[in-house]
Amino acid sequence: MFRSRRNLASRRPTSRSMRRRGSIQLELPAPARWGGARAGAGRKLVAARPSPPHRPRAPHVARWPVHVALRTRDGIPSLRSTRLFSSLRASLAASHKAAFRVVHFSVQSDHVHLVVEGDAPAALVRGVQGLAGRCAKAINRAAARRGRVWSSRFHSHALRTPTETRRGLVYVLLNFRKHLRASPGVDPRSSGPWFGGWRTSAPTPRDGAPVAPPRTWLATVGWRRAGGAIGFDERPTPARASPNRRAGR
């Protein structure tokens, strides 16, 4: 015989009877939240100086010189030491190709600044990559070590205008005034002794120049239109795009 719905409903425990029996209702824990658009989210940076982002670089134009920077990993001896600098300068001098040239450089304790030219996008990228590999092997041989030398992929910035190019030359050739607080003069750990654009003449070394003559108009004569010859007392400032270029005009 079937029981009526009324009888079944009367047998269901009410909330009052559940409280009397000591039953409680459990709450589900809130779901964990990782990542997302909030403060502190995302992958944490390991290096104090993050690597340039791994996205396609801007297309290279052959008429633009390019400022390139390479930074060493922690634990590498100073690149300005006599032994390491000699090996590094020889490697830079051997890195010239038919379509790739190092026209200026300076070597600091843990990084290298370069002004390079490439006749095509592929020539520029392959030239810098080959230069970085050649210099890394020379540094390891001179320091009697093995392993990686550069902390990240190379930084590059195209010098598109006379103002940018002149500022880039000052930044590279007089970079030791920024890091070493050096007095006005020519950095012996740079291509400055072979640079012909100083406001005051400087003695030229007898040995051959480790850099190639520039071919782009900006690196030969164009930069002089933004202030003329460079003085030993100038201080380097980072190269920035001109206002017209930043505005997209």
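Since the model is predicted, local features are taken only where pLDDT is at least 70 and side-chain atom pairs only at pLDDT 80 or more, while totals for chains, interfaces and linings use all residues. Residues are numbered from 1 along each chain as its sequence is written, and side-chain values rest on heavy atoms, with hydrogens and water left out.

Starting with the overall layout, the protein chain has 8 helices and 4 strands; these are DSSP runs numbered from the N terminus, with helices being H or I of at least four residues and strands E of at least two. Read from the N terminus, the order is α-α-β-α-β-β-α-β-α-α-α-α. Of the chain's 249 residues, 37% count as buried, where buried means under 20% relative accessible area, exposed means over 50%, and partly exposed lies in between (1.4 Å probe, protein chains only). The chain exposes about 16,000 Å², and carbon and sulfur atoms supply 53% of that; the areas come from the Shrake-Rupley method with a 1.4 Å probe, and for residues only the protein chains shown count as cover. As for contacts (heavy atoms within 4.5 Å), 74% of those between residues at least 6 apart in sequence join residues at least 24 apart.

Now for the inside. In soluble globular proteins, nonpolar side chains tend to be buried together. A nonpolar core here is a set of buried Ala, Val, Leu, Ile, Met, Phe, Trp, Tyr and Cys residues joined through side-chain atoms within 4.5 Å. The largest one has 28 residues, and Leu79, Leu114, Val116, Leu131, Ile139 and Trp150 touch the most other members. Two or more residues each come from β1, α3, β2, β3 and α4 (121-143), with α4 giving the largest share, 8 residues. Beyond its neighbours within four places in sequence, Ile139 is in contact with Ile76, Leu79, Leu84, Leu88, Val149 and Trp150. Another core, of 14 residues, lies apart from this one and includes Val103, Leu169, Phe195 and Ile230.

On the charged side, there are 8 salt bridges in the structure, each being a side-chain nitrogen of Lys or Arg within 4 Å of a carboxyl oxygen of Asp or Glu. Asp110 pairs with Arg71, with the closest N and O atoms 3.3 Å apart. Asp110 sits in the loop between β2 (100-107) and β3 (111-118) and Arg71 in strand β1 (residues 66-71), so this bridge ties together parts 39 residues apart in sequence. Asp110, at 30% relative accessibility, is partly exposed, and Arg71, at 25%, is partly exposed too.

Arg89 and Asp207 make another pair, at 3.2 Å between the closest N and O atoms. Arg101 and Glu117 come to 3.0 Å. Arg101 is in strand β2 and Glu117 in strand β3, so parts 16 residues apart in sequence are tied together. Both residues are buried, and bridges with shared partners join Arg101, Glu117, Asp119 and Arg215 into one network.

His60 counts as buried, at 13% relative accessibility. A polar atom of the His60 side chain lies 2.9 Å from the backbone oxygen of Gly118. Neighbours within four places in sequence aside, His60 is in contact with Val66, Gly118, Ala120, Pro121 and Leu124.

Key. A polar contact is a pair of N or O atoms within 3.5 Å; within protein, one must be able to donate a hydrogen and the other to accept it, and residues adjacent in sequence count only if both atoms are side-chain atoms.
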